[in-house]
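Have the sequence and the model open as you read.

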Amino acid sequence: MAPDHVDVLIVGAGLSGIGAACQLRRHCPDKTFAVLEARDCIGGTWDLFRYPGVRSDSDMSTFGYSFAPWQAPKVIAEGATILDYLRRTADEHDVTRHVRLRHRVLRADWDSRQARWTVLVRRDDTAETLTLTCSFLYACTGYYRYDAGYAPQLTGQEQFTGRIVHPQHWPADLDLRDRRVVVIGSGATAITLVPALARQAAEVTMLQRSPTYVLAHPSDDPLADTLRRRLPARLAYPLVRWKSILLVTAIYQLSRWAPGLVRRALRRRTARALPTGYDVDRHFNPRYDPWDQRLCVDPDGELFAAVSAGRATVVTDTIDRFTTDGIQLTSGVHLPADVVVTATGLDLLMLGGMTLRVDGVDVDVAQTVAYKGTLLSGVPNFALAFGYTNASWTLRTDLVAEYVCRLLRHLDRTGTQVVTPLAPPDDRRAPLVGLTSGYVRRGADRLPRQGHRAPWRVRQNYLRDLLLLRFGRLTDPGVRFSRADSALRRSVDA
């Protein structure tokens, strides 16, 4: 039997994948497509993470899609609300029926002779393998492993008689009433968990090796509420969205240009939110500059409120070893615990674990260079949805989806079948993600690289990307458009 063929094959049915499919329906309605999802439901991160308090750390006017106005009152939204929004958007744009669940992509092979990808898929529900083909492959797989989070082996943890839990796989049966809980970590997950757990457990301690910048932010937006009441949604949503875009961009740029000024401002805000005399410098004044690592948002200042009320404690120290009933710190302090939550981060995984080959040659993704932050050098008819690390992930993946649609229309208009990004003419390379966060450092050697100038430079700037991806020229020295037969001749000559 001939393999199934579609014009565009999208891998991943999370926020990026559903958004990509919706954009295809809007801008390329004549294209056939399918969305392959390894899990048993759509939603990606927002179905996977189910720990207490899980929510976005971006304003939903930018974390939501540009074409699907966010209508819920809270702009810092809970995970269940985001999941409902995602599923509703997929239904409204007639995408849900194109999603094939429990289809895990193992390998994709590009054939220049046919100008198409052959994709090997395993069905996790039946254990059978099948083959699909497509003209364009679009990876919306995120950047971390879904089956396991990062959990370093800590000395003596095997003798701990309590329960050790990772937030990525939160057990439904975990009862924290009258329990002493220690949360290891200081990132967005820990800052979300601690106030939520403090409402359930007897004692909650956030144990961090070093501090993180935390910004208290209202979960409601009075301006957005006012605009929604007085203007039609088609006018109110863009205004609210642009307000948030400009604010986030300004904070990030100011952090780069005047880090000392932003550091002092954040410290003052934090000190005002905590009791007089609290050791802000020890627990909430990091050694690094703002936005060297991602700035954590504390909705409505819940973490600060829990600490101020004595319902949660922050301890900045390092772990010597686990004991039978808690954690011994290098300072000599012992933290008693019945439950330890290892909010220690993510484990990076590119392309959902699938491998790529081009005309029989394996592609080492870490040796490729990202063209416009989305196409990979030397890999034809392939796009990668990679969002912002300094703003809403969706802001950029929305633009990437529009750009892919522009490419597809250009191929049709010019009678070409193949688009191949080229590597920069010089050898200067830099990491694709400029953050110094632990998960980035651990996985930097698995990510594509970037060049030192456009179109291979990733600026982490929405305004620049808007000009580049939505309005920029499609043809430049960094990309080659060709017909299938000419692509084959170049492959043979090489």
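## Salt bridges

Arg39, Asp47, Arg50 and Arg87 are joined up in a network of salt bridges, a salt bridge being a side-chain nitrogen of Lys or Arg within 4 Å of a carboxyl oxygen of Asp or Glu. Across the whole structure, a search turns up 33 salt bridges. A word on where this comes from: it's a predicted model, so local features need pLDDT of at least 70 and side-chain atom pairs count only at pLDDT 80 or more, while totals for chains, interfaces and linings use all residues. Residues are numbered from 1 along each chain as its sequence is written, and side-chain values use heavy atoms, with hydrogens and water left out.

Take aspartate 94 and arginine 25, whose side chains meet in a salt bridge at 2.9 Å, N to O. Aspartate 94 sits in the loop between α4 (79-92) and β3 (99-101) and arginine 25 in helix α1 (residues 15-27), so this pair ties together parts that are 69 residues apart in sequence. (Helices are DSSP runs of H or I with at least four residues, strands are runs of E with at least two, and both are numbered from the N terminus.) Aspartate 94 is partly exposed at 27% relative accessible area, and arginine 25 is partly exposed at 31%. For reference, buried means under 20% relative accessible area, exposed means over 50%, and partly exposed is in between, using a 1.4 Å probe and protein chains only.

Next up is arginine 267, which forms a salt bridge with aspartate 281, the closest N and O atoms being 2.7 Å apart.

## The nonpolar cores

The largest nonpolar core has 131 residues, and Ile10, Ile18, Trp117, Leu137, Tyr138 and Phe382 have the most contacts inside it. (A nonpolar core is a set of buried Ala, Val, Leu, Ile, Met, Phe, Trp, Tyr and Cys residues joined through side-chain atoms within 4.5 Å.) Helix α11 (residues 393-414) supplies the largest share of this core, 11 residues.

Leaving out neighbours within four places in sequence, tyrosine 138 has contacts (heavy atoms within 4.5 Å) that include Val8, Ile10, Ala383, Val400 and Val404.

## Helix α11

Of the 22 residues of α11, 18 are buried, so the helix is largely enclosed by the rest of the structure. From first C-alpha to last, α11 reaches 32 Å, close to the 32 Å expected at 1.5 Å a residue; the expected span is 1.5 Å times one less than the number of residues. At its start, a side-chain oxygen of serine 392 comes to within 3.2 Å of the backbone nitrogen of threonine 394. Just after α11, glycine 415 takes a positive phi of about 70 degrees.

How exposed or buried is arginine 396? Arginine 396 belongs to α11 and is buried, with a relative accessible area of 2%. A polar atom of its side chain lies 2.8 Å from the backbone oxygen of lysine 372. Not counting residues up to four places away in sequence, arginine 396 also touches others, including Phe386, Tyr388, Asp465 and Leu469.

Definitions and conventions
A polar contact is a pair of N or O atoms within 3.5 Å; within protein, one must be able to donate a hydrogen and the other to accept it, and residues adjacent in sequence count only if both atoms are side-chain atoms.
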